[in-house]
Amino acid sequence: MKKSIIYFQLIFCFLTVAQAAHAQFSLTNEEIGNGLKEALTQGISKGADALSQADGYFKNPLIKIPFPPDAKKMEKSLRDIGMGEDVDNFILTLNRGAEDAAKQAKPIFVDAIKKMTITDVMTILKGQPDAATQYLKKTTNAQLTAQFKPVIKASLDKVGATKHYKDLATAYDKIPFVKKVNPDLEAYTTDLAIQGLFVTIANEEKNIRANPTARTTDLLKKVFGQK
């Protein structure tokens, strides 16, 4: 994840210096917009790639997908009867499904970035610490859900999460006097996989906007070129 953090740092420190660049180099709004789009495209692409790697979700405590909350009693009961390893394997497969689906995010984000208007660009530059994140969430969330869900389903089947859950549910249902549970694994994993994408983006955006050491003139020259 260190590489993805570096790329997000490059993106969002650009947000903090773009207005200064406009004044110093007399750049047009169009030039600033093109620079922002290029920086966002590069950074978001690298971030999505990082999340799609093995352990991109599973070893990140901020976005790791846990056992479904509405089946917590089931999780505890299974651990109590010595099936903790099976539960852990199931949680791993949920995260593997999210990692498998994360690669679908890149083309969706890139398309949304390309469609930014000058108004969108200036709103982001002058906006709140998570303005870029909110723009992407507003313009991509529905499409991400539509694209992720079938991929998540295929991923959960491929990595064995569906079978793991059925096996766990079968074992749980054999425990006397328990209430059967059947959470929608596809919807649950899809929702948290998408939340994880935006959590990653939002955290880095906020950190870098507030980090003076990330505002380098080298970045300014790279994005805008020489004076």
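1. Helix 3 (residues 72-80) and helix 8 (residues 161-173) have axes that come within 10 Å and cross at roughly 75 degrees. Helix 3 is therefore roughly perpendicular to helix 8 (65 to 115 degrees, on a scale from 0 to 180 degrees between N-to-C directions of lines fitted to C-alpha atoms over the stretch in contact). Helices here are DSSP runs of H or I with at least four residues, numbered from the N terminus. The model is predicted: local features need pLDDT of at least 70, side-chain atom pairs count only at pLDDT 80 or more, and totals for chains, interfaces and linings use all residues. Residues are numbered from 1 along each chain as its sequence is written, and side-chain values use heavy atoms, with hydrogens and water left out.

2. On the helix 3 side, K73, M74, S77 and L78 meet Y165, L168, A169, A171 and Y172 of helix 8 (contact: heavy atoms within 4.5 Å). By class, this contact comprises seven nonpolar, one polar and one charged residues.

3. Two aromatic pairs are found in a search of the whole structure (ring centres of Phe, Tyr or Trp, the last by its six-membered ring, within 6.5 Å; edge-to-face means planes over 60 degrees apart). F67 and F90 form an edge-to-face pair, with 5.3 Å centre to centre and 65 degrees between the planes. The pair links distant parts of the chain, 23 residues apart: F67 is in the loop between helix 2 (29-51) and helix 3, and F90 is in helix 4 (residues 84-102). F67 and F90 are both buried (under 20% relative accessible area, with a 1.4 Å probe and protein chains only).

4. The rings of F109 and F198 have centres 5.9 Å apart and planes at 75 degrees, so this pair is also edge-to-face. Because F109 lies in helix 5 (residues 105-114) and F198 in helix 9 (residues 185-209), the pair ties together parts that are 89 residues apart in sequence. F109 counts as buried at 1% relative accessibility, and F198 counts as buried at 5%.

5. Where is N95, and what does its side chain reach? N95 lies in helix 4 and is buried, at 0% relative accessibility. Its side chain reaches the backbone nitrogen of I65 at 2.8 Å. Leaving aside residues up to four places away in sequence, N95 touches Y57, F58, I63, K64 and I65.

6. Most residues other than glycine have a negative phi. The phi of D55, however, is near 75 degrees, a positive value. D55 is found in the loop between helix 2 and helix 3.

Notes:
Helix = DSSP H or I, 4+ residues; strand = E, 2+ residues; numbered from the N terminus. Parallel < 35°, antiparallel > 145°, perpendicular 65-115°, else oblique. Nonpolar A, V, L, I, M, F, W, Y, C, P; charged D, E, K, R; others polar. Phe/Tyr/Trp six-rings, centres within 6.5 Å; stacked < 30°, edge-to-face > 60°. Buried < 20%, exposed > 50% of the residue type's maximum accessible area, 1.4 Å probe, protein only. Polar contact = N/O pair within 3.5 Å; in protein donor to acceptor, adjacent residues only side chain to side chain.
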